[in-house]
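Subject: Structure handover

Hello,

Here is the structure for you to look through. My notes on what was found in it come after.

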Amino acid sequence: MTEKRIGILGLGAYVPERVMTNDDWAEYVDTSDEWITARTGIKTRRIAAENQSTVDLAVAAAERALDDAGVTADEVDEIIVATDTPEVYIPDTAPFVQQRLGAREVPTFDLAGSGCAGFVLGLDVARSRVGSGDKRVLLIGVELLTRLMDWKDRTTCVLFGDAAGAAVVGSGEEVGEIVAFTAGTDGSQTDILTLEAGGTRRPVTVERARRRENRNIAMKGREVFREAVTRMGAASREVLKQAGIRVDELALVVPHQANLRIIRALQKQLEIPEDKLAVNVQNYGNTGSASVPLALWEARNQGRVTKGDLVLLTAFGAGFHWAAMIVRL
């Protein structure tokens, strides 16, 4: 009898309709298309409509992933939402998604605060949950980061966009496979990418809100760049070693789409050919935990990967967290 494997059954993604260009940003802050492009590689990003919330984006991506997997909402056994921009403070976002989708009263929970590494970390959690029984797990990475940032801070506001990506993870004889995984955290680097106001250490007060501290995403650019390239590179080499495969055996590498310079540095470090590298940061900016699934979904729809292909996913995020995974589609 063929052994059942655990892998991705279906993918989906959603981006809002509103497109914001670099020239549009020049109307808000002292910047230009040339300045933004040279430092980030970003040309446009998507902005959620005023009447859209985190759940709206999450459900749109989830419905596409379920349809892609040939699974209905009432066939889902668990829902995981990776996000740093929750629907409300309490409860978490996952129960809202469950209700909107019309899913059964299954376990739901958020993976919050792991930043842009959330989706890749969530894939490993989903794999373990599927492995504990014959389950189908819906995993969603979703961010409305433009609701958190200070639109007057040109060092950060031009970086982010809103999006959602989703995957259905399950088991079967004919499905793909999650081949290898690694992750880690360096808590000594919590200050290099953070939004402090809003927690118990620095609650939001009228004074802090007036100073826009609740929208002040603080980022130490040089430190983030160094840690991102170092950690994603090391994690990628580790999963390649675990799987016993070489870079040239991969069909595609999908890194977190934070900044084109970070992606290019990783590409050089791992010697990734251009035709095996997924890059869409120029179109969407940094979409946090939605970044990896959005890039993977788009690459598949473009015919760059197909069933049976090996793909390397790697990401980093505030915390400082990092993760890498090899999947066979």
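Asp 186 is buried, with a relative accessible area of 17%; buried means under 20% relative accessible area, exposed over 50%, and partly exposed in between (1.4 Å probe, protein chains only). Before going on, note that this is a predicted model, in which local features need pLDDT of at least 70, side-chain atom pairs count only at pLDDT 80 or more, and totals for chains, interfaces and linings use all residues. Residues are numbered from 1 along each chain as its sequence is written, and side-chain values use heavy atoms, with hydrogens and water left out.

Salt bridges

Asp 186 forms a salt bridge with Arg 231, with 3.3 Å between the closest N and O atoms. A salt bridge here is a side-chain nitrogen of Lys or Arg within 4 Å of a carboxyl oxygen of Asp or Glu. Asp 186 lies in the loop between β8 (177-185) and β9 (193-194) and Arg 231 in helix α7, so the pair ties together parts that are 45 residues apart in sequence. Helices (H or I, at least four residues) and strands (E, at least two) are DSSP runs, numbered from the N terminus. Arg 231 is partly exposed, at 23% relative accessible area.

Asp 191 and Lys 220 also meet in a salt bridge, at 2.8 Å from N to O. Asp 191 is in the loop between β8 and β9, and Lys 220 in the loop between β10 (218-219) and α7, 29 residues apart. Salt bridges that share partners join Asp 186, Arg 226, Glu 227 and Arg 231 into one network.

The whole structure holds 16 salt bridges. One of them joins Glu 78 and Arg 129 at 2.8 Å, N to O. Glu 78 is in strand β4 (residues 78-83) and Arg 129 in helix α5 (residues 118-131), so this pair ties together parts 51 residues apart in sequence. Glu 78 is buried at 1% relative accessibility.

Helix α8

Which residues of helix α8 (residues 260-270) are buried? They are Ile 262, Ile 263, Leu 266, Gln 267 and Leu 270. Seen down the axis of α8, these fall within an arc of 140 degrees, so they line one face of the helix; the arc is that of the directions from the helix axis to the C-beta atoms. After α8 comes Glu 271, whose phi is positive, near 55 degrees.

Regards
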